Amino acid sequence: MECRSAAMPSPTKFHLGSEDAFYIIAEPQSRTYAAGVFDGIGSWRLRHKIDAALYARDLAALTAQKLLPPQSLSSMEALEYGVAHNSYKGSSTACILALDPDARRITGINVGDSVALILREEQGMAKVGTVFRTTEQRHKFNQPYQLGTGGDPVSSGTLFEIDVQESDIVVLGTDGLFDNLFDEEVMSIIDHNLSDSQMGGLVDLTSTANELLRAAFERSQSYSDRTPFEEECRKEGESYFGGKPDDISVIVCNVCVRPHDHSSEFVVTPQKENVEHNARR
């Protein structure tokens, strides 16, 4: 599984940096392929002057470490370790997954309102359909399940296990992506990159991740475009128009049996600009 990331902080927090964090692991020797996104809960800064990014980063780092040998824990076990050993006050959502390349199966856990979307090209068409999508978990409107200080247990998350095929596409995103783009719009961007790709069913990961980021950011600045967040607001009887400014983090992955990428990313927290990290080992 090959993955690339793109991210930026909310314009309202450029001077502070993003409260999102994420990791990508691609280690062919240990056959460990995994990715995860984490969204630090911003109310910690507003109410307690605590930087939630610190909690989210530590959770990402601890979780990623335990997915690798010698521990090689499951996604849920690694996340439980990350919560139990986090050094900071705060809380975060988490959506993480790992590929078993032998079984061709993706397993993971979602806690909160980030999203994992697995897509597959429809036969004979440069167009994808949905294989699987996580469901956002919220206690009530705009209050997602969250891990951390006074938060929800890892066991409250939704476990998932999906059989995948060569060339399936995985999109992981925090709510900054999926509050501003409908699934159909995400899929349309994937379709565009499939039709332009010369890689035999695989998308150009860097350009796709960056295009999704740009589209979500532009929509977040709109006061008139219809958005998923606007629709959720209206369901709650609240008047809201347009996009939702927020930190945005997206990871796009190609499922491939023999990945060419031997890289890992750990505790990637975007700061004041769009970031594409490839920390090669």
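Leaving aside its neighbours within four places in sequence, which residues is Asn 254 in contact with? The contacts, meaning heavy atoms within 4.5 Å, are Met 1, Glu 2, Asp 168, Ile 169, Leu 202, Val 203 and Leu 205. The model is predicted: local features need pLDDT of at least 70, side-chain atom pairs count only at pLDDT 80 or more, and totals for chains, interfaces and linings use all residues. Residues are numbered from 1 along each chain as its sequence is written, and side-chain values use heavy atoms, with hydrogens and water left out.

The chain has 7 helices and 14 strands. Helices (H or I, at least four residues) and strands (E, at least two) are DSSP runs, numbered from the N terminus. Of the 281 residues, 56% count as buried. Buried means under 20% relative accessible area, exposed over 50%, and partly exposed in between (1.4 Å probe, protein chains only). Among contacts with a separation of 6 or more, 71% come from residues 24 or more positions apart.

Five of the strands form an open antiparallel sheet, in the order E1-E13-E12-E6-E7. Its edges are strand E1 (2-8) and strand E7 (128-133), each of which pairs on one side only. The twist averages 20 degrees from one strand to the next; axes are lines fitted to C-alpha atoms, for helices over the stretch in contact, and angles run from 0 to 180 degrees between N-to-C directions. Two strands pair if DSSP finds at least two bridges between them. Strand E6 (residues 115-121) and E7 pair in the antiparallel sense over 5 bridges. Glu 121 has Val 128 of E7 as its bridge partner.

Asn 254 belongs to strand E13 (residues 248-254). Its relative accessible area is 2%, so Asn 254 is buried. The side chain of Asn 254 reaches the backbone oxygen of Val 203 at 2.9 Å.

The largest nonpolar core has 25 residues. Such a core is a set of buried Ala, Val, Leu, Ile, Met, Phe, Trp, Tyr and Cys residues joined through side-chain atoms within 4.5 Å. Those with the most contacts inside it are Ile 169, Val 171, Leu 177, Leu 212 and Val 250. Elements giving two or more residues to this core include strand E12 (169-173), helix H4 (175-178) and helix H5 (183-196). Beyond four places in sequence, Leu 177 is in contact with Val 171, Leu 212, Ala 216, Ile 248 and Val 250. Apart from this core lies another, of 24 residues, among them Met 1, Ala 35, Val 37 and Ala 116.

In helix H3 (residues 75-84), Ser 75, Ala 78, Leu 79 and Gly 82 are buried. They lie on the same side of H3, because they cover an arc of only 100 degrees around the axis. The arc is that of the directions from the helix axis to the C-beta atoms. The cover over these buried residues includes strand E3 (32-40), helix H2 (52-67) and strand E4 (91-100).

Arg 226 sits in the loop between helix H6 (205-220) and helix H7 (228-235). With a relative accessible area of 49%, Arg 226 is partly exposed. Not counting residues up to four places away in sequence, Arg 226 touches Phe 182, Arg 219 and Glu 231. A polar contact of 2.3 Å joins the side chains of Arg 226 and Glu 231. A polar contact is a pair of N or O atoms within 3.5 Å; within protein, one must be able to donate a hydrogen and the other to accept it, and residues adjacent in sequence count only if both atoms are side-chain atoms. The C-alpha atoms of Arg 226 and Asn 180 are separated by 8.5 Å, with the two residues 46 apart along the chain.
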